[in-house]
Amino acid sequence: MRVVGIAGSPRRGGNTDLLLGEVMRGAASRRAKVKTIILNDLEITPCQHCDGCLKTGRCKVEDDMQMVYSDLRQADRVVLASPIQFMGVTAQMKAMIDRCQALWVRKYILNLPPLGSKLEKKGLFISVGGRRLADLFEPALVTVKTLFRILDITYAGELLFPGVDEKGAIAKHPDALRQAFLAGQKLVEG
Ligand SMILES: Cc1cc2nc3c(=O)[nH]c(=O)nc-3n(C[C@H](O)[C@H](O)[C@H](O)COP(=O)(O)O)c2cc1C
């Protein structure tokens, strides 16, 4: 069982990083092979809408996204972690998501499995936001669920924590990190 965790925050050791770390630790404790990708450390050019992928389903832009495609193909479980920025996922995460347009082409134009395999993949979403608005996570949830649907990744749930702003504040939450660890275990079981 391979789990890829994709960290979308620019803040190393920040709140979503801490949660993602626990999810991955939980998955590893159940013998999953885990890999974490830090988007902020990568060069991922935003989609140029060049239509270069339209005939092949392959993005022509040769940057670090090529490695992310490969990791997504190999993963049985995908964990996306992004804080809320301006009511959505971070720019780092959105750039990665938009580059999945090439996989949309594979599925809807070329009639191919978007990630090359028909084996079931599952996905989890982790997010925090500084405010406590009722609809704080709604736009990000729509984006992430759309991505998972297009990639044929079954939505396995989410961990969402509002009212978490300062770097590392999630560690003071009574059980968020524990929830994350257990979610990581559950994700790879069964
Ligand atoms: C550019 C920017 C935009 C933000 N926009 C929002 C927002 O729309 N709503 C909100 O609740 N928090 C917002 N925040 C606060 C972050 O979601 C919050 O600080 C979060 O804990 C950061 O998580 P991290 O440590 O994983 O990066 C924003 C922060 C930044 C830097």
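This report describes the sheet, the helices, the ligand surroundings and selected residues of a predicted model.

## Basis of the model

Residue numbers start from 1 along each chain as its sequence is written, and side-chain values use heavy atoms, with hydrogens and water left out. Because the model is predicted, local features need pLDDT of at least 70 and side-chain atom pairs count only at pLDDT 80 or more, whereas totals for chains, interfaces and linings use all residues.

## The sheet

Five strands form an open sheet in the order β2-β1-β3-β4-β5, with parallel pairing. Strands and helices are DSSP runs numbered from the N terminus (strands: E, at least two residues; helices: H or I, at least four); two strands pair if DSSP finds at least two bridges between them. At the edges lie β2 (33-38) and β5 (153-161), each of which pairs on one side only. From one strand to the next the twist averages 15°, with axes fitted as lines to C-alpha atoms, for helices over the stretch in contact, and angles running from 0 to 180 degrees between N-to-C directions.

Strand β1 (residues 2-7) pairs with β2 in the parallel sense over 6 bridges, and Arg2 stands opposite Lys33 in β2. Strands β3 and β4 also run parallel, joined by 5 bridges; here Val79 stands opposite Leu124 in β4. Between β4 and β5 there are 7 bridges in the parallel sense, with Phe125 opposite Glu158 in β5. The chain passes from β4 through helix α5 (residues 138-150) to β5 in a right-handed β-α-β crossover, that is, with the strands pointing away from the viewer, the path from the first strand over the helix to the second runs clockwise.

## Helices and burial

Helix α1 (residues 15-29) packs on the sheet and touches β1, β2, β3 (77-81), β4 (121-128) and β5; its direction makes about 145° with that of β4. Contact here means heavy atoms within 4.5 Å. Strand β4 is mostly covered, with 7 of its 8 residues buried. Buried denotes under 20% relative accessible area, exposed over 50%, and partly exposed in between (1.4 Å probe, protein chains only).

In helix α3 (residues 91-98), the residues Met93, Ala95, Met96 and Ile97 are buried. The buried residues of α3 pack against β1, α2 (65-74), β3, α4 (101-108) and α5.

## Ligand surroundings

There are 17 residues around the ligand, of which Ser9, Thr16, Ile84, Val164 and Asp165 come nearest; a residue is near a molecule if one of its heavy atoms lies within 4 Å of it.

## Individual residues

Asp71 belongs to helix α2 and counts as buried because its relative accessibility is 11%. Leaving aside neighbours within four places in sequence, Asp71 is in contact with Val4, Lys35 and Ile37.

Arg31, in the loop between α1 and β2, has a positive phi of about 70° although it is not a glycine; at 79% relative accessibility, Arg31 counts as exposed. Met87, in the loop between β3 and α3, also has a positive phi of about 70° without being a glycine, and its 29% relative accessibility makes Met87 partly exposed.
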